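I opened this entry to look up how the ligand is held and what open space the protein leaves. The notes follow the order in which I looked.

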Amino acid sequence: MALTIKQIGPCFAGEAEGIDLTAPLSEGDVAAIHAGMNEHAVLVFRDQILDNDQHLALSRSLGEIEPAFDTSLRTPEEIRLSTNFADVSNLDKENQPFSREDRRRLFSMGNRLWHSDSSFKTVPAKYSLLYAHKIPSKGGNTEFADMRAAYDALDDEMKEQIEGLVCEHSQVYSRAKVGFHEFSDAERERFKPVRQVLVRTHPETGRKSLYLSSHAGSILGWPIPEANVFLLDLFEHATQRQFVFVQKWRVHDLVIWDNRRTMHRARPFPAEERRDMRRTTLVGEGPTVQAI
Ligand code: OGA
Ligand code: MN
């Protein structure tokens with residue numbers, strides 16, 4: 001059976017059917033997934049029973065995996081999964097939920113702000129592939145916002161104003177927004193800011209989109225508070241409900257999204273329950289700002 005996609009979001013996001021992601025993908029399947037991603041930016045695949053190796057094999061058939069060893073506060077001794085995975089769970093190595101005050105949990109609160117994965121890296125992410133192993137009894141949705149539609153809806157004056165602007169992104173900036181400041185000097189060095197354009201052109205479709213992320217903490221050449229309120233206005237515009245798709249997870253859902261023209265955020269759930277979500281991330285095509 002061939003891949004079919006039905007739109008489930010307001011202006012983007014599709015549910016994909018007719019494909020078995022547990023088996024190696026044919027060239028035709030790979031092309032169909034990329035084409036579906038170009039059109040919908042977010043694809044939901046349900047009832048796919050994947051172990052870590054199948055999740056990795058699927059990811060590799062779509063692109064190169066971005067390792068996740070230096071992006072969280074888990075030390076090498078504390079990691080639960082191989083560094084090919086971003087461990088988006090709330091679980092420690094023994095599969096126990098982090099205590100409410102655990103520093104790793106508090107750092108992960110940054111995921112509850114709208115963001116684009118790895119916008120804090122010089123070469124930011126292309127796709128993310130997030131798979132649900134265990135979900136809480138309530139809450140824990142993931143929301144996605146369409147940055148193409150948000151860009152298209154800006155007036156011409158705003159489009160002109162933001163063209164060519166460059167922001168600095170760091171996990172230190174996103175965490176500051178949730179009141180998390182407790183970084184060691186080594187962590188601050190590891191999380192030092194990188195530059196990203198504010199308007200991106202999607203290489204496959206040629207469509208422009210806003211490249212927003214809560215990791216952005218300044219606009220080059222602008223006073224910081226002015227940059228931050230300007231960005232807040234853009235976030236408010238870009239996350240209006242008509243641009244947002246809500247993923248209500250079921251176990252064995254796999255969601256693929258294109259970080260180059262969407263933002264997403266995790267929603268709250270009971271802290272004492274297990275939410276086991278594992279993500280692979282694919283490397284983007286290059287920096288968005290040319291080195292100077
Ligand atoms: C991610 C992420 C949101 C969630 O995996 O990149 O931000 O709902 N996850 O866990
Ligand atoms: Mn994320």
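For the contacts below I took a polar contact to be a pair of N or O atoms within 3.5 Å. The model is a predicted one, and I read every distance with that in mind.

Ligand surroundings. I listed the residues around ligand 1 and found Val88, Asn111, His115, Asp117, Leu130, Thr142, Trp257, His264, Ala266, Arg275 and Arg279; by class, this shell holds four nonpolar, four polar and three charged residues.

Polar contacts. I noted an N or O atom in the side chain of His264 at 3.1 Å from an oxygen atom of ligand 1, a polar side-chain atom of Asp117 at 3.0 Å from an oxygen atom of the ligand, and one of Thr142 at 2.6 Å from a ligand oxygen atom. Of the 290 Å² of accessible area that ligand 1 has on its own, the protein covers 99%. I also recorded that the space taken by ligand 1 is the largest cavity.

Largest pocket. I then turned to the open space, where the largest pocket contains about 690 Å³ and has a lining of 41 residues, with Ser72, Asp87, Val88, Ser108 and Asn111 nearest its centre. Helix H3 (103–108) is among the elements that supply at least two lining residues, and H3 gives the most, with four. The lining comprises 16 nonpolar, 14 polar and 11 charged residues.

Second largest pocket. Here I found about 180 Å³ of space, with Leu113, Trp114 and Lys177 among the lining residues. Helix H8 (residues 224–238) provides the largest share of that lining, four residues, and the classes divide into six nonpolar, three polar and one charged.

Conventions
Residues numbered from 1 in each chain as written. Chains lettered and ligands numbered in written order. Predicted model: local features only at pLDDT ≥ 70, side-chain atom pairs only at ≥ 80, totals over all residues. Heavy atoms only, no water. Near = heavy atom within 4 Å. Polar contact = N/O pair within 3.5 Å; in protein donor to acceptor, adjacent residues only side chain to side chain. Areas by Shrake-Rupley, 256 points an atom, 1.4 Å probe, with all protein chains shown as cover. 1 Å grid on protein atoms, 1.4 Å probe; cavity = no way out; pocket = protein on both sides within 12 Å on 5 of 7 lines; lining within 4 Å. Sits in = over half its atoms within 2 Å of the grid points. Nonpolar A, V, L, I, M, F, W, Y, C, P; charged D, E, K, R; others polar. Points joined across faces, edges and corners; volume = space filled by probe spheres on them.
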